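Below is a walk through one protein model, taken a few elements at a time. Keep the structure open alongside the text.

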Amino acid sequence: MRKTSFYQHDVHFTIILPLSLLALTVFLMYTAEFHLPTFFSSCRTSIPSDNNIIRSLTKPDLRILVGMLTTADGYERRQLIRLAYSQQDGTYHDAEVDIRFVFCSLTKEEQSVIVALEIMQYNDIIILNCTENMNNGKTYTYFSSVPTLFSDHPYDYVMKCDDDTYLRIGNLVESLRNKSREDVYYGLVNPCFKADDIDYKMNSSFMSGLGYLLSWDLAEWISESEIARNNTDGPEDIVLASWLNTAKKGRNRYHNFPGIYDYKGDTPDDYCFKHAFIPETIAVHLLKGNLEWARTLKYFNATKGLKPSNLYHVPSWPGQLISEF
């Protein structure tokens, strides 16, 4: 019988160990360069795995940052939103849409732990250096911070969105395909208008705070502008429009009705910007509670992937609840 000496074992170990370490190093270097999305990978809507953003081997034709303004205590809402977007179908190509939750500095002991867990799991949060507020500069802090935060990998557009607004990402992307990439102010013109008033309203009104979008150059301008820095108090959507109007910025303005609208709910008639769900939806707003979210997601067939199982019983609600849509 052939005997293997300890010396031979040592030689084998000496050869195998460095090779194993080399393989591990190459693997870690590869994964550090091409970060995998934590979710939404099927529709290329991604929450980045670090500040370098998820990168594709092919450079996307269109990149959008969506900042969903919320509060640190909104744990349940954030998780619902993550679930909602994870079920959207990918019907567009060559576009990258990154969704991040945005809020001001943490103020509670429990926030420092729970938010930290969220960041570790999803890494989809931006914590601004500000005191939590709605109309006292939070939007300014968001837009003025973005060019610095993402200077190494700029976006084409930067969107501000409320956390009671649901975006249909594919429709959002397609609505921007042939739009300018500079001096863009995009959203839903407010207040209500008649068709023959559109030219006046586009230049004298504002885009509703439910969700509006600026081109990257306007975010850069906000970060440097004394007009914006010195005027941050008041209804944030009206204030932002005043910056652009004063500086004669945002000349490429895009009004997106009926694609952007308010949730109709039990309102018997359409009025102002409220109407029934439509397939062409870009954004639907006023989803204040779980019922509104559930009805919206049901219309867009978010649970179509649910497979039958004897592990759960899911009832079908009476038809009259669905007919209200």
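Two strands count as paired if DSSP finds at least two bridges between them. In this predicted model, strand S7 (residues 184-187) and S10 pair in the antiparallel sense, with two bridges between them.

For lysine 160, the bridge partner in S10 is tyrosine 212. Cysteine 161 counts as buried because its relative accessibility is 0%, the cut-off being under 20%.

How many of the five residues of strand S10 (residues 211-215) are buried? Five of the five are, so the strand is largely enclosed by the rest of the structure. Gly211, Leu213 and Ser215 point one way from S10, while Tyr212 and Leu214 point the other way, and all are buried.

The next topic is the covalent cross-link. A search of the whole structure finds one disulfide. This disulfide joins cysteine 104 to cysteine 130, with an S to S distance of 2.0 Å. The angle about the S-S bond is -90°, and the link of cysteine 104 and cysteine 130 is left-handed. Cysteine 104 sits in the loop between strand S3 (95-103) and helix H3 (109-122), and cysteine 130 in the loop between strand S4 (125-127) and helix H4 (138-149), so the pair ties together parts that are 26 residues apart in sequence. Both cysteine 104 and cysteine 130 are buried.

The buried residues of H2 include three arginines, Arg77, Arg78 and Arg82. Leu80, Ile81, Ala84 and Tyr85 of H2 are buried as well.

Between H2 and S3 runs a loop that contains aspartate 94. Is aspartate 94 buried or partly exposed? Its relative accessibility is 45%, so aspartate 94 counts as partly exposed; that class lies between the 20% and 50% limits. Not counting residues up to four places away in sequence, aspartate 94 touches Pro60, Asp61, Leu62 and Arg177. For one of these, leucine 62, the C-alpha atom is separated from that of aspartate 94 by 6.6 Å, although the two residues are 32 residues apart along the chain.

Key
Residues numbered from 1 in each chain as written. Predicted model: local features only at pLDDT ≥ 70, side-chain atom pairs only at ≥ 80, totals over all residues. Heavy atoms only, no water. Disulfide = S-S within 2.5 Å. Helix = DSSP H or I, 4+ residues; strand = E, 2+ residues; numbered from the N terminus. Buried < 20%, exposed > 50% of the residue type's maximum accessible area, 1.4 Å probe, protein only. Contact = heavy atoms within 4.5 Å.
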